Amino acid sequence: MATPKHLVCVGAIAGAFGVRGEVRVKSFTADPEDITAYGPLVTEDESKSFDVTLTRAVKGGFAAKLSGVGSKEAADALKGTRLYLPRERLPEPEDDEFYYADLIGLSAFDPGGVEIGKVRAVHDHGAGDVLELRLPGGADRLVPFTAEVVPTVDIAGGRLVVDLPDET
């Protein structure tokens with residue numbers, strides 16, 4: 001399912017925490033505790049909405065209570081659910097800042113101006129952010145999202161420059 005452009009993923013439920021319906025939440029916000037600062041969060045298909053209350057920090061995120069979730073079984077059923085909020089609830093980024101969601105769909109050009117693909121996703125595996133590019137012909141390529149590899153991000157122009165590292 002493609003995420004609607006008006007939604008921004010701000011967290012994910014890693015599973016149940018304890019037996020009273022709490023969940024373990026991983027926050028994707030710059031300040032992890034800000035996941036609760038923007039009001040109710042929704043699922044990707046917007047079929048469920050949750051008020052989120054952080055109860056304590058735990059390894060890899062937070063324990064949290066979600067409105068409408070009162071049992072371990074209900075919390076377990078949400079494992080893997082990503083949590084979103086409408087883009088309009090987020091503050092406008094400063095100059096030279098952007099939300100990763102804004103990168104999805106941008107055209108990627110090499111330093112010589114030749115289009116090499118489109119940004120399909122941004123991944124964070126803990127060792128640094130990675131862009132997933134869809135290349136012509138349908139193949140995907142992962143590239144580090146660093147200033148060296150991606151020296152130019154032009155959200156308004158719908159493009160970024162990618163200096164592809166040599167494949168080994």
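Biologist: How many aromatic pairs does a search of the whole structure find?
Modeller: The model is predicted: local features need pLDDT of at least 70 and side-chain atom pairs pLDDT 80 or more, while totals for chains, interfaces and linings use all residues. Residues are numbered from 1 along each chain as its sequence is written, and side-chain values use heavy atoms, without hydrogens or water. Rings of Phe, Tyr and Trp (its six-membered ring) pair if their centres lie within 6.5 Å; planes under 30 degrees apart are stacked, over 60 edge-to-face, the rest tilted. The search finds an aromatic pair count of 3.

Biologist: What kind of aromatic pair do Phe98 and Tyr100 form?
Modeller: Their centres are 6.4 Å apart.

Biologist: Is Tyr100 buried or partly exposed?
Modeller: Buried means under 20% relative accessible area, exposed over 50%, and partly exposed in between (1.4 Å probe, protein chains only). Tyr100 has 36% relative accessibility, so it counts as partly exposed.

Biologist: Why is the pair of Tyr100 and Phe145 edge-to-face?
Modeller: The ring centres of Tyr100 and Phe145 are 5.7 Å apart. The pair is edge-to-face because the planes stand at 75°.

Biologist: How many residues apart in sequence are the parts that Tyr100 and Phe145 tie together?
Modeller: Strands (E, at least two residues) and helices (H or I, at least four) are DSSP runs, numbered from the N terminus. Tyr100 is in the loop between β7 and β8 (107-109). Phe145 is in the loop between β11 (140-144) and β12 (152-154), so the separation is 45 residues.

Biologist: Which residue lies over the face of Phe109?
Modeller: A charge sits over a ring if NZ of Lys or CZ of Arg is within 6 Å of the ring centre and within 35 degrees of the ring normal. At 4.3 Å from the ring centre of Phe109 lies Arg159.

Biologist: Which side chain makes a polar contact with the side chain of Glu132?
Modeller: Glu132 lies in β10 (residues 129-134) and counts as buried at 12% relative accessibility. A polar contact pairs N or O atoms within 3.5 Å; within protein, one must be able to donate a hydrogen and the other to accept it, and residues adjacent in sequence count only if both atoms are side-chain atoms. At 2.6 Å, the partner is His123.

Biologist: Which residue has its backbone oxygen 2.9 Å from a polar atom of the Ser27 side chain?
Modeller: Ser27 sits in β2 and is buried, at 14%. Its side chain joins that of Thr29 at 2.8 Å. Contacts (heavy atoms within 4.5 Å) of Ser27 beyond four places in sequence include Val10 and Ile35. The backbone oxygen belongs to Pro32.
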